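Here is a quick tour of charged side chains and how they pair up. Have a look at the model first, then read on.

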Amino acid sequence: MKLNLNIQPLNTWLNVNNEPLIISGPCSAETEEQLLTTAHLLAATGKVSVLRAGIWKPRTRPGEFEGIGSIGLEWLKRAKAETGLPTAVEVANAKHVEEALAAGVDILWIGARSTVNPFTVQEIADALKGHDVPVLIKNPVNPDLQLWIGAIERINGAGITKIGAIHRGFSSFEKSSFRNEPMWELAIQLKTLCPELPIINDPSHICGNRELIPYISQKALDLDMQGLMIESHVDPSVAWTDAKQQVTPAALAELVDRLTVREPEAPNEAFADKLADLRKSIDKIDDILLQKLGERMAIVEKIGEFKRDNQVTILQVNRWDAIIQKGHAFAKALKLDLNFTEKFLELMHGESIRKQTEIMNAGKAEKGIAAEQHNEVKA
């Protein structure tokens, strides 16, 4: 089901002449000199459309630098006047909204720690009523698409129609090369539910280190995201927050120059015809895959009944280990990604466990109902 949102196209409220759209600036506004110098260097690249800076910084533990506060808004105002770049800041409560709007900030964004709390989002939405300002909503810290959608709906419900989402990755217990796992499938689901919603990727927070930013940036553009939010500092080595994930303005310009911007569609008729033929081939294979999955699950049900009748447990660890080993070997031979193959096998195995559990418990449920009915008759 598509989301019922009232959203204005991105190009009606933001200058998107630069390709790709780049929102950049320091993680934190530290000093007036640091912010202004960074802003001028970014503007000079000709690559940046919006200047961002953290004014209020929610930290995991107290005692860390939590942002320069309201004085930073005056620095942003000066940076805008001197460079011509529109400005963007994160807001986490009604007071932040009021102060940012009073200071003439052009774009507000709601951070991941705020998106996760509907009470906080609603407070911000209430403060935004009656204002015509663009608002970008980051995904929540945890991988919960409904929370992300709920935040977008609350802001839209406050009358804000200039809305975009920011994909900044999700926390995960699994250790990987990323600070926050991209979990691209959640951003894709959001885009599918609301095709008109602009999604901007935040490779800085996904990566946690500057070395991976080019890779994530290119992948985001290849997935038809509308822009990038990349943190930049005049000297990242002395940054007060998130030093490892910030790049210099010069490095940002070089990074952007190396990105390839592709179009979602091609006007070439021959291309469209060829693509349509290839998609028909994929559709046929998908139909066969689903048919085979249906046949597999029918056998799973028979196995569940057989185990139930013979008092055998659902899970046999040795059997699962054998499936994984065989799957890895087959995947290598077919040149399939091992991680994808393992996830696919885990999904099938999980569904098999669910079906067999349902069969195992069905008999118990029926016996329980019969016993209750017998007791009622005796009573």
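Predicted model: local features only at pLDDT ≥ 70, side-chain atom pairs only at ≥ 80, totals over all residues.

Residues are numbered from 1 along each chain as its sequence is written, and side-chain values use heavy atoms, with hydrogens and water left out.

How many salt bridges does the structure hold? There are 18, counting a side-chain nitrogen of Lys or Arg within 4 Å of a carboxyl oxygen of Asp or Glu. Here are some of them:

| Pair | N to O distance |
|---|---|
| K80 and D106 | 2.9 Å |
| D309 and R308 | 3.1 Å |
| R354 and E358 | 3.3 Å |

K80 sits in helix α2 (residues 71-83) and D106 in the loop between α3 (94-102) and β4 (107-110), so this pair ties together parts 26 residues apart in sequence. R354 and E358, by contrast, are four residues apart in helix α13 (residues 338-378), about one helical turn. Helices (H or I, at least four residues) and strands (E, at least two) are DSSP runs.

D309 is exposed at 54% relative accessible area, while R308 is partly exposed at 30%; buried means under 20%, exposed over 50%, partly exposed in between (1.4 Å probe, protein chains only).

E32, R78 and E82 form a salt-bridge network.

Lastly, UniProt's unreviewed entry places "domain: Chorismate mutase" at residues 269-360, though such annotations may be inferred rather than shown by experiment. That stretch is 89% helix and 0% strand.
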